[in-house]
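Colleague: Please take a close look at one part of this model, the place where the chains meet, and describe it in one go.

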Amino acid sequence: MIKHARKAAFLFAAIPVFLFITPVGTASAHGYVSSPPSRQAQCASGVVKNCGGPEWEPQSNEGDKGKTTCAGGDRSDFNVLDNDSLPWQATSTGTSLTMTWTFTARHRTRDYEYYIGGTRVGFVDGGNAAPVDPVRHTINLSGFSGRQKLRAVWNIADTVKAFYSCIDININGGGGNPTPPPTTTNPTPPPVGGTWAANTYYATGAQVTYGGSSYKCLQAHTSLTGWEPPNAASLWQKI
Amino acid sequence: MKRLVIAIAAAVLALAGCGGEAIVPEGQGAHGHGADSAAPPVPTASARFNDADVMFVQMMVDHLQLGISLSQVAMAKATKQEAKDLAGAINTTQREELSTLKSWLKLWGKPEEGGANLHAAHGGQPLLDDKVIGETKEKSGAEFDLTFLNLMAGHQGAAVEMALAEKKDGMNPEVTAYAERVANTRQGQIQQMLKAISEQ
């Protein structure tokens with residue numbers, strides 16, 4: 001731990017502090033850590049239910065730079081991300097952890113920072129350039145163990161804003177709260193009078209009924225709400 | 001922020017000479033597409049629409065085309081079957097949507113082009129362009145799958161944002177119903193992709 005803190009202090013000292021004086025604007029770029037699944041990714045993928053904002057826009061957890069919370073603060077419907085009592089799944093990891101970012105738009109990047117508590121455990125310079133997929137960073141978590149909340153920060157270069165992602169991790173399986181059992185997505189029960197159901201895999205040629213009509217699958221897919229056979233003639237041919 | 005985005009885009013449209021609400025003259029509705037019983041009914045965006053409807057549809061035309069391009073690369077290159085299937089389903093459903101959206105713009109007398117400029121007017125660089133899509137062709141195996149899943153999850157995330165804005169600000173019932181389906185289907189796709197990404 002001490003060794004780690006010293007390392008972090010060295011990192012802090014080694015990195016010049018930049019002051020960015022930029023016009024206040026909105027960052028239309030958005031992004032979040034998709035793997036290991038951050039809190040907003042767990043909202044979006046349905047692992048944690050009824051999150052509100054992050055359920056629909058995991059990418060929009062934006063706030064001023066320098067926040068120490070999981071929620072960015074610009075939108076109150078993202079405050080749910082600070083609620084530690086929700087059943088966030090912790091990813092088991094060793095001391096080396098690789099993170100993957102997902103972006104919905106690009107913005108020039110100052111840097112990426114990773115924190116556990118007040119300790120910065122990772123820093124990647126963004127080179128003032130737009131990210132090029134896939135963006136993956138491997139950080140060293142030596143000195144930490146058990147259940148931890150890792151805070152990933154994407155600092156935008158040309159606005160005052162940053163995007164925040166908290167990732168619950170369990171380092172070297174030591175202590176901490178047990179990880180809740182994974183929730184599985186159960187197929188939605190078929191509607192009355194039809195065999196089609198959402199969240200179900202259909203192979204090409206599979207046949208279903210929906211709303212009193214029969215359909216044949218034209219393209220293998222996992223069905224979704226909104227892809228009901230009458231709404232997706234390219235997936236389902238009426239027979 | 002979304003409100004500001006809409007305000008900016010609305011201002012752009014206003015500058016371009018588009019008024020507020022518009023009504024398609026009688027007799028120009030796209031009814032009676034000679035639908036035979038086997039063909040699905042062609043949605044016929046009814047006469048009343050506003051700037052938000054037009055902006056959403058124009059932006060979606062551009063967005064759908066980029067998604068189709070990326071899907072086609074993935075249909076050829078993805079190694080995971082679930083990624084290949086998803087790419088195939090996105091390709092075919094978005095082609096269907098694209099043809100519907102183009103028919104609405106034609107009905108309204110609005111250009112199909114301009115969606116990309118509207119994205120740019122929002123102040124950020126779009127995630128996908130021809131160069132980014134072209135670069136994915138240089139990747140292979142698990143590296144390609146991860147790149148595709150990340151790009152598509154991000155791309156569809158932007159569609160959810162546009163659809164939520166349309167549901168709030170649009171007025172045409174068919175377009176807002178389409179926006180509802182976009183929000184649901186893209187969120188469902190993102191769920192599938194996030195699961196696949198976390199398994200990479």
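Modeller: Buried area here means the accessible area, taken with a 1.4 Å probe, that two parts lose on being put together, summed over both. This is a predicted model, and in it the area buried between chain A and chain B is about 3,900 Å². Carbon and sulfur atoms give 56% of that area. Chain A brings 47 residues to the contact, and chain B brings 45 residues.

One salt bridge is counted between chain A and chain B. R136(A) makes a salt bridge with E143(B), with 2.6 Å between the closest N and O atoms.

On chain A, the side that touches chain B draws at least two residues from each of several elements, among them the strand β1 (31-35), the helices α2 (39-44) and α3 (53-56), and the strand β4 (96-103). β5 (105-106) and β14 (221-222) of chain A also supply at least two residues each. The largest share, four residues, comes from β4(A). By residue type, this side of chain A divides into 18 nonpolar, 22 polar and seven charged residues.

One cysteine link concerns a residue numbered within α2 (39-44) of chain A: C43(A) forms a disulfide with C51(A), the sulfur atoms being 2.1 Å apart. The link is left-handed, with -75 degrees about the S-S bond. C43(A) counts as buried at 1% relative accessibility, and C51(A) is buried at 6%.

Conventions:
Residues are numbered from 1 along each chain as its sequence is written. Chains are lettered from A and ligands numbered from 1 in the order in which they are written. This is a predicted model: local features need pLDDT of at least 70, side-chain atom pairs count only at pLDDT 80 or more; totals for chains, interfaces and linings use all residues. Side-chain values use heavy atoms; hydrogens and water are left out. Contact means heavy atoms within 4.5 Å. A salt bridge is a side-chain nitrogen of Lys or Arg within 4 Å of a carboxyl oxygen of Asp or Glu. Ala, Val, Leu, Ile, Met, Phe, Trp, Tyr, Cys and Pro count as nonpolar, Asp, Glu, Lys and Arg as charged, and the others, Gly among them, as polar. A disulfide is a pair of cysteine sulfur atoms within 2.5 Å. Buried means under 20% relative accessible area, exposed over 50%, partly exposed in between (1.4 Å probe, protein chains only).
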